[in-house]
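Let us go through this model one point at a time.

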Amino acid sequence: MSRIGLIGILLAFLALTAASAQEGQLQGFNRDSSATERQWESKFRAIPNADNQREYMRLLSARPHHVGSPYDKQNAEWILAKLKEWGWDAQIETFDVLFPTPKERLLEMTEPTRFTAKLQEPVIEVDPTSNQRSEQLPSYNAYSTDGDVTGPVVFVNYGLPQDYEQLERLGVSVKGAIVVAKYGRSWRGIKPKVAAEHGAIGCLIYSDPGDDGFSAEDVFPKGPMRPPDGVQRGSVMDFPSTSPGDPLTPGIGATRDAKRLAVKDAPSITKIPVLPISYADAQPLLTALSGPMSPPNWRGSLPISYHVGPGSAKVHLKVSFNWDIKPLYNVIARIRGAEQPDAWVIRGNHHDAWVNGAEDPTSGQIALLEEARALGELVKQGWRPRRTIIYCAWDGEEPMLLGSTEWAEAHDKELQEHAVAYINSDGNGRGTLNIEGSHTLEHFINGVAADITDPETELPASQRARLVRISRANPEDRQELRQRADVRIGALGSGSDYTAFIDHLGIASFNIAYGGEDEGGIYHSIYDDFYWYTHFADTNFVYSRALSQTIGTAVMRLADSDLLPFEFNGLADTLRLYAKQLKKLADDMRDQVIERNKQIDEGVFTATHDPRRPRIAPPKEEVPPHLNFAPLDNALDALATSAQRYQSAIAQRATKPLSSSTLLEVNRKLMATEQALTNSEGLPRRPWYKHMIYAPGVYSGYDAKTIPAVREAIEQKHWDEANSEIIRVAAAVEAESRLIQTSTDLLGK
Ligand SMILES: [Zn+2]
């Protein structure tokens, strides 16, 4: 039975805000529809089953299942069959992408002593899947260029731009050298990029035990941490400064007959060869280094003196790859909306892994699967979502978001027209609910989190998140955590499948996971498997169930609400915070330069010079100019006003029904509010990234840069660009205000 036609008569927005006197009335619903929704939602939350999830994980992680492997395809087909069995209209959508696999890997020290790196993770007897050697991808970094280089070695800490500034002070250059960087503190692909920019000819990345090894807990299999020979695989595609997805088809779907670049012209492949290694393989190289001692905060937990190098050590690194095109199998499933089938609520988690991938991605995939089973069950019981729900099990996330990006690029126009929101997960664990996403839906997702029970504490998940944050916060943040109605959600950077949706298409997005209580050092190694997960992670799967309940509830609420639950006071508040941070960043940089110039003039660097530990004084720098933030401040004032007016209009509408056609029109406008924050020309030098508020950092990778064009211009000291980008951001914020105002006008009709 369709409810179309009745909405116009029955719909009365009895207080749509959380401040409602009608306790428990859901944002975007009226009293009746809210009660009905709550009934369906509690039925839903009773269905996900931890035993099923354990069984799905056992099956999906039983064999290695990277892109192009037999078990990757088999898993996709199994997921497809399950979704169909649960009543979904499901199919596999394929793309053809460049996926390099190792042909040759050689790392040897030739001087002062000979040492050949093992480059092999050993079988661990108690771990039954660690011996599947014939199907395991060897340890490597995908989209490293081929290379055969020999040179001296320099230790570069985490390999970030600021580490190279320190090296300059120490008088050490990496020109013509092979750098050794620690994993961590940035996305891994930043390390070879920055190394190449400084003239290095090769890059080794190792996992120091101080980061995810024995310094935290016992190593696997006694404990959860990385053993001496464990290696983190992973992509080093330079996606932050170009785009994620298939390197041969940037900006378009990698369909069979798509126009492709030649491999040599692909902009996102690294400039120098890269290889990830274990600390057992790194230690002999690091031990052989001489030269200055590294700064104290660079030193890890190996029993060695961490010299920077170079010295007499010489290393030979040779890597080459099979540059093959491989098929991707995205599983896409739909439940058609009963009233607004052309409005889509989209949910995804990838299914491919580097090896067996129990934690990454299967712990998220099993949450998605139980949501899908439960939603299918509700449909059998008579539930008809108002809008269409699309569930996606992505392939090729690990190489760099291939499946989701190609799908988003292939369907860009229709997604921009039809998508309400995209909700992502990519792994899960025990602990606190962590949400990153669009601030246009911050209030909404807080409402969802308030209705989920945390399995360990039995507190509402939102309350536990707030209290845990209070325990860790500084005094200023503590005050906000106690006073602000909503727990502030983090901004999305990158590192999972939401990237194309939010950054390229401007679709409101979330990434959601529980975590914080499990330590682990098996990320992207052969030990991320069912044995590890069921011994050290969410061993009874109660948080898999909680993740299903959380995301499934969000999906249902977005699919069923009368008025889409976008809200803009939180957005205005968050954007003001970001603007404040930018001003502080610019001021701090100015102060630093002034102070350092003063110290140079005073002779501080001469006075502190120790001839046995020579340091090179920094050069004097031009003092950064003051920037003009006025256009942004004015736009933010306008946004705050239109956000408040919108909320008042909703409150006033509470007792008056809204015609179904007006409601549709308002919802259509609300669906475009994330896109209003984009700019079709994109960010400077990386036009694929269209969002003016969120982006991954060019020099951080996964970490978000908020108001990225301005922030990065300041960080990179491009002052004119900072001023001109402030104007472009202000224009996006103004467009947002105008769109909110037109929605307000419609509500007032
Ligand atoms: Zn993942």
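Q: At roughly what angle do the axes of helix H14 and helix H15 cross?
A: This is a predicted model, where local features need pLDDT of at least 70, side-chain atom pairs count only at pLDDT 80 or more, and totals for chains, interfaces and linings use all residues. Residues are numbered from 1 along each chain as its sequence is written, and side-chain values use heavy atoms, with hydrogens and water left out. Helix H14 spans residues 461-472 and helix H15 residues 475-483; helices (H or I, at least four residues) and strands (E, at least two) are DSSP runs numbered from the N terminus. Their axes (lines fitted to C-alpha atoms, for helices over the stretch in contact, with angles from 0 to 180 degrees between N-to-C directions) come within 9 Å and cross at roughly 160°.

Q: Is H14 roughly parallel or roughly antiparallel to H15?
A: Angles under 35 degrees count as roughly parallel, over 145 as roughly antiparallel, 65 to 115 as roughly perpendicular and the rest as oblique. The axes of H14 and H15 cross at roughly 160°. H14 is therefore, relative to H15, roughly antiparallel.

Q: Which way do H4 and H9 run, roughly parallel or roughly antiparallel?
A: Helix H4 covers residues 70-85 and helix H9 residues 358-380. Their axes come within 9 Å and cross at roughly 25°. The two helices are therefore roughly parallel.

Q: How many nonpolar residues are in the contact of H4 with H9?
A: H4 brings Trp78, Ile79, Leu83 and Glu85, which meet Gln365, Leu369, Ala372 and Lys380 of H9. Two residues of this contact are charged and one is polar; the nonpolar count is five.

Q: Is H23 roughly parallel or roughly antiparallel to H24?
A: H23 runs over residues 708-715 and H24 over residues 719-748. Their axes come within 8 Å and cross at roughly 170°. H23 is therefore, relative to H24, roughly antiparallel.

Q: How many nonpolar residues are in the contact of H23 with H24?
A: H23 supplies Ala709, Val710, Ala713 and Ile714, while H24 supplies Trp719, Glu721, Ala722, Glu725, Ile726 and Val729. Two of the contact residues are charged and no polar ones take part; the nonpolar count is eight.

Q: How many disulfides does the structure hold?
A: A disulfide is a covalent bond between the sulfur atoms of two cysteines. Here it is called from a pair of cysteine sulfur atoms within 2.5 Å. The count is zero.

Q: What is the relative accessible area of Thr673?
A: Thr673 sits in the loop between helix H22 (660-671) and strand S15 (694-696). Beyond four places in sequence, its contacts are Thr440, Phe566, Phe568, Glu736 and Leu739. Buried means under 20% relative accessible area, exposed over 50%, partly exposed in between (1.4 Å probe, protein chains only). Thr673 is buried, at 0%.

Q: How far apart in space are Pro138 and Pro102, C-alpha to C-alpha?
A: Pro138 lies in the loop between strand S2 (115-116) and strand S3 (141-142). Pro138 touches Pro102, Arg105 and Arg233, leaving out residues up to four places away in sequence. Pro138 and Pro102 are 36 residues apart in sequence, yet their spacing is 7.1 Å.

Q: Which residue does a cis peptide bond join to Glu111?
A: Omega of this bond is about -5°.

Q: Is Arg185 buried or exposed?
A: Arg185 has a positive phi of about 65° although it is not a glycine. Arg185 lies in the loop between strand S5 (178-182) and helix H6 (190-197). With a relative accessibility of 62%, Arg185 counts as exposed.

Notes
Contact means heavy atoms within 4.5 Å. Ala, Val, Leu, Ile, Met, Phe, Trp, Tyr, Cys and Pro count as nonpolar, Asp, Glu, Lys and Arg as charged, and the others, Gly among them, as polar.
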